[in-house]
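Please open the model in a viewer and keep the sequence at hand.

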Amino acid sequence: MPELPEVSGLVGFLTERLVGRAVVGVELASFAVLKTFDPPPQAFEGLVVDAVHRHGKFVDIEASGLHFVFHLSRAGWLRWSDNLPTTTLRPGKSPIAVRVRLDDGAGFDLTEAGTQKRLAVYLVRDVQEVPGVAKLGIDPLSEEFTEEAFAALVADRRMQIKGLLRDQSEIAGVGNAYSDEVLHVAKLSPFAMTTALTPEQVHTLYEALRTTLTDAVAAASGKPAKELKDAKRAGMRVHGRTGEACPVCGDVVREVSFADRSLQYCATCQTGGKPLADRRMSKLLK
């Protein structure tokens, strides 16, 4: 799933190509992907793009007071073309869910692989009409996200720290991958409870969160949309690297699997050398 750094890179990519251009077509190949009905998709046609924004993991294309907002979810992605095909999309014939055409012949497709269809598109007059955007917590790269604000957030919640980092209503934009990365940098177990963290650990975690995300955003900046996924994978220290050597200590990267996801960590760096139980009940193996 694209997270804050890749979405930031995607927003930069789209800003260069969309701002100042007119939208001449919005085609739906999957009607289920559109989560709003008023205004209709055709209302976006003929408008000139003013800006492209990021809200957590949401991309917001703004034109004349309307917002074309999309969330790529687990298996969605954006495929750009300098010369879009002139043929009309047909429902159910490809992984393409939505096509947006520009006045210069360029444009993009929103695609989704797999059977779990979670890609979501909204056309709204106010971005706060998008439920997921309205519920977003603080952006971890914003000026408001100070160490004091983070410490207060940690102190106010009783939960596993990885769960807090992934909770979009608390911290916007961090998902499964970058929470693994941040916790590895901070040398904290993903199952550590917020209530058990010392002030020093909270400080280290805050620094790890800001640094990891800032570095990842810089790495994604300027890359074409088609390269952002590979750049993300290449930059991972532990996430998605089960069985490989930890880049810090050389121990093997381990995994805990759940029904719909998995997490990766280094036992030497993060859990005092003790492997975590590979089950939902997050207790250390004795």
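**The largest nonpolar core**

In this predicted model, begin by selecting Leu14, Phe68 and Phe70, which touch the most other members of the largest nonpolar core, a set of 38 residues. Next, colour the elements that give two or more residues to this core: helix 1, strand 1 (23–28), strand 3, strand 4, strand 5 (76–81), strand 6 (96–102), strand 7 (107–112) and strand 8. Helix 1 gives the most, with six residues. Now show domain 1 (4–129) and domain 2 (147–285); both give residues to this core, so the core lies between them.

For a second, separate core, select Ile161, Leu164, Leu188 and Val202, which are among its 27 residues.

Which order do the four strands of the open sheet follow? They run 2-3-4-8, with antiparallel pairing. Select strand 2 (51–55) and strand 8 (120–124): each stands at an edge with a single partner strand, so one side of each has no neighbour in the sheet. From one strand to the next, the twist averages 20 degrees.

Move to strand 3 (residues 58–63) and strand 4 (residues 66–71), an antiparallel pair joined over six bridges. Here, Ile61 has Phe68 in strand 4 as its bridge partner. Finally, select helix 1 (residues 4–18), which packs on the sheet and touches strand 2, strand 3 and strand 4. The direction of helix 1 makes about 170 degrees with that of strand 2.

Definitions and conventions: Residues numbered from 1 in each chain as written. Predicted model: local features only at pLDDT ≥ 70, side-chain atom pairs only at ≥ 80, totals over all residues. Heavy atoms only, no water. Pairing = 2+ DSSP bridges. Axes fitted to C-alpha atoms, helices over the stretch in contact; angles between N-to-C directions. Contact = heavy atoms within 4.5 Å. Core = buried A, V, L, I, M, F, W, Y, C linked by side-chain atoms within 4.5 Å. Buried < 20%, exposed > 50% of the residue type's maximum accessible area, 1.4 Å probe, protein only. Domains from an automatic or database assignment.
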